[in-house]
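Please have the sequence and the model at hand while reading.

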Amino acid sequence: MTAETSLPTGDDLLAEIDRLRKEKNAIILAHYYQSAQIQDLADFVGDSLELSRKAAETDADVIAFCGVKFMADTAKILSPEKIVVLPDMDAGCSLEDSCPPEKFAAFREAHPDHIALTYINCSTEVKALSDIIVTSSSAETIISQIPEDQKIIFGPDRHLGGYMSRKFGRDMLLWPGVCIVHEAFSETELLKLKQQHPDAPIAAHPECPPTIVDHADYVGSTSGILQFAQTFEGDTLIVATEPHIIHQMEKALPEKTFIGAPGADGNCSCNICPYMALNTLEKLYKCLDTLEPRIEIEEGLRLKAKQSLDRMLEMASGTIGKGDLGKV
């Protein structure tokens with residue numbers, strides 16, 4: 001395969017992906033923010049850490065992670081013996097980009113009496129510099145176990161950290177990173193939408209700024225939002241997170257209506273994650289065919305990063321991926 005024109009298309013492309021999956025003993029993981037096509041062919045659909053944990057429990061030789069790089073890195077941290085490929089190595093994350101390891105290390109050194117709780121949306125190097133990794137579903141459980149007199153650094157998402165700080169009344173040092181997707185929601189447009197659907201509750205991810213979270217009836221992780229979608233009363237739900245999650249809601253609850261929260265332009269097109277969108281069926285086919293681009297992590301670094309992940313799992317394993325629908 002040397003030319004773009006040699007790529008299979010349509011149903012042939014789906015058949016070839018399935019052939020390669022079986023031939024390479026591969027498992028395909030898709031985050032909720034992937035396209036509907038990729039979600040539908042994946043072996044598992046879910047939150048980033050829960051996907052990595054599921055993959056580690058399988059006998060697959062290859063993990064094809066349709067998500068972003070820090071997610072594929074986490075899969076490699078937990079499954080060093082498996083080949084982990086990412087359809088597009090440029091699929092990054094604005095939160096990871098906001099927190100360079102050398103600057104985070106200097107920040108930690110300037111505050112030696114603080115422990116570092118670090119959101120999983122960060123690089124392997126930053127994980128290795130952290131005390132405890134948290135997810136949006138485990139952060140509350142973990143913070144509730146930390147003595148009130150223990151000073152905390154929370155990074156890299158200042159909105160998630162700020163939400164936890166307000167909820168627990170904890171004065172935490174917040175790294176100034178944000179998710180460009182959740183930052184794009186407009187309070188003005190959200191209130192206009194709410195006027196059109198006054199009985200519709202709002203479910204928001206805690207990566208959203210306070211101007212969005214403060215209007216939400218439910219605040220939680222992607223898996224938590226999906227669980228809320230299955231239990232809320234009424235027939236319409238406004239969803240303030242990356243809109244591709246709505247695909248799973250519509251599959252599980254076709255009788256209900258799900259509306260993506262709008263951006264500043266009055267629609268949700270600006271809230272599609274540009275990094276997640278880099279992964280395509282064609283790139284998935286190529287990476288399964290060539291087993292490239294491949295995630296590689298130096299073993300000493302992997303073990304240091306795994307320590308902070310293990311601490312989270314020890315403290316809050318029951319909350320990771322809570323509400324995950326798996327493959328619907």
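Is C179 buried or exposed? In this predicted model, C179 is buried, because its relative accessible area is 10% and the cut-off for buried is under 20%. C179 also belongs to a set that an unreviewed UniProt entry lists as "binding site", together with C93 and C273.

**The annotated set**

- C179 sits in the loop between β8 (173-174) and α10 (180-183), and, leaving aside neighbours within four places in sequence, is in contact with S94, L95 and E207.
- C273 is placed in the loop between β12 (257-260) and α15 (281-290), and is buried, with a relative accessible area of 10%.
- Leaving aside neighbours within four places in sequence, C273 is in contact with V181 and E242.

**The cavity**
- The structure holds one cavity of 30 Å³ or more, and the volume of the largest cavity is about 360 Å³.
- Its lining comprises 32 residues, of which H31, Y33, M71, N121 and E207 lie nearest the centre of the cavity.
- Two or more lining residues come from each of α3 (48-56), α4 (69-78), α5 (94-97) and α10, with α10 giving the most, at three residues.
- By residue class, the lining divides into 16 nonpolar, 13 polar and three charged residues.

Technical notes. Residues numbered from 1 in each chain as written. Predicted model: local features only at pLDDT ≥ 70, side-chain atom pairs only at ≥ 80, totals over all residues. Heavy atoms only, no water. UniProt positions renumbered as here; feature names shortened; annotations may be inferred. Helix = DSSP H or I, 4+ residues; strand = E, 2+ residues; numbered from the N terminus. Buried < 20%, exposed > 50% of the residue type's maximum accessible area, 1.4 Å probe, protein only. Contact = heavy atoms within 4.5 Å. 1 Å grid on protein atoms, 1.4 Å probe; cavity = no way out; pocket = protein on both sides within 12 Å on 5 of 7 lines; lining within 4 Å. Points joined across faces, edges and corners; volume = space filled by probe spheres on them. Nonpolar A, V, L, I, M, F, W, Y, C, P; charged D, E, K, R; others polar.
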